[in-house]
Amino acid sequence: GVAALIVVLSVMNGLKGELRERLLALSAHARVVDARPAALADEGALAARLRALPGVAGVAPYMDLQALAMHGSEMLPLTLRGIDPQREPAVTDLAPLLVAGQLADLRMGSGNLILGAALAEQLGVTVGDPITLLVPIASPDAPPEPRLRVYTVSGVFSAGIQDHDASLALAALDDVRAFAPAAIGATGLRLRFNDALAAPRFMTAVRAAAGAGMLVRDWTQENA
């Protein structure tokens, strides 16, 4: 009985660890978001301060926008995430998850898009297909303004996590910023620590380095 219980607990712990690794493959251990409109004015200086903190293994910029993807008669909501393909490997493990295309395809001005496998399947698209994204842009003193852009599917990833595979699209950071340069709460920096499980212990130091006006959250808060 005890031996069987030990085996069951070991399997459960193994599955829990595998799920955590899959979840964090595309989710940084923490993020620092500018709650003010416009992109981070001192992004480079802030990134340097964060990178110098004990336990921090990497820092990279990002921008998230909520969008509607359209292809043929299919329409699906998604998160459009802008990343810097050269700096992204410092905070996520995207490259091993790619089943088509490569991270370097996300060049500024390329109009390329890397989709989650489930999202690509639901939209009925494959590499080389066009896809239209609609992003509602809101400003404090005007009604939301829809903006459209046609992207080309250049790659597909499979993380094994539905939240990523069915709802996430990746594009070049500057291309996404061009969609909404003054978006509130969408632009920031993502961090990776040497030990993901120790992330909560580092948050006090991260908040101090980030300064006023910044939203700071770690992965345990995001997935509570």
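This is a predicted model: local features need pLDDT of at least 70, side-chain atom pairs count only at pLDDT 80 or more; totals for chains, interfaces and linings use all residues.

Me: Ok. How do the axes of helix 2 and helix 6 cross?
Reply: They cross at roughly 155 degrees. The axes come within 9 Å.

Me: Are those two roughly parallel or roughly antiparallel?
Reply: Angles over 145 degrees count as roughly antiparallel. Helix 2 and helix 6 are therefore roughly antiparallel to each other.

Me: Left-handed or right-handed crossing?
Reply: Helix 2 passes helix 6 in a right-handed crossing.

Me: Which residues make the contact?
Reply: Helix 2 brings Leu46, Arg49 and Leu50. Helix 6 brings Val206, Ala209 and Ala210.

Me: And by class, what is in there?
Reply: The contact has 5 nonpolar residues, no polar ones and 1 charged.

Me: Back to helix 2 itself. Which of its residues are buried?
Reply: Helix 2 covers residues 43-51, and its buried residues are Glu43, Leu46, Ala47 and Leu50.

Me: Why do they line one face?
Reply: Look down the axis of helix 2. The buried residues fall within an arc of 100 degrees, so they line one face of the helix. In general, an α-helix has 3.6 residues a turn, so residues three or four places apart point the same way.

Me: What do those buried residues pack against?
Reply: Several elements, including strand 1 (30-34), strand 2 (56-71) and helix 5 (173-179). Helix 6 (199-210) is another one of them.

Me: Let's stay on helix 6. Is Pro200 buried or partly exposed?
Reply: Pro200 lies in helix 6. It is partly exposed, with a relative accessible area of 40%.

Me: What does Pro200 touch?
Reply: Leaving out residues up to four places away in sequence, Pro200 touches Asp218 and Thr220.

Me: New topic: Val135. Where is Val135 found?
Reply: In strand 6, residues 130-139.

Me: Buried or exposed?
Reply: Val135 is buried, with a relative accessible area of 1%. The cut-off for buried is under 20%.

Me: Which residues does Val135 touch?
Reply: Among them are Leu65, Gln66, Ala67 and Phe179, again not counting residues up to four places away in sequence. The C-alpha atoms of Val135 and Gln66 are separated by 6.5 Å, and the two are 69 residues apart along the chain.

Technical notes. Residues are numbered from 1 along each chain as its sequence is written. Side-chain values use heavy atoms; hydrogens and water are left out. Buried means under 20% relative accessible area, exposed over 50%, partly exposed in between (1.4 Å probe, protein chains only). Helices (H or I, at least four residues) and strands (E, at least two) are DSSP runs, numbered from the N terminus. The arc is that of the directions from the helix axis to the C-beta atoms. Contact means heavy atoms within 4.5 Å. Axes are lines fitted to C-alpha atoms, for helices over the stretch in contact, and angles run from 0 to 180 degrees between N-to-C directions. Angles under 35 degrees count as roughly parallel, over 145 as roughly antiparallel, 65 to 115 as roughly perpendicular and the rest as oblique. A crossing is left-handed if the near helix is turned anticlockwise from the far one by less than a right angle, and right-handed if clockwise. Ala, Val, Leu, Ile, Met, Phe, Trp, Tyr, Cys and Pro count as nonpolar, Asp, Glu, Lys and Arg as charged, and the others, Gly among them, as polar.
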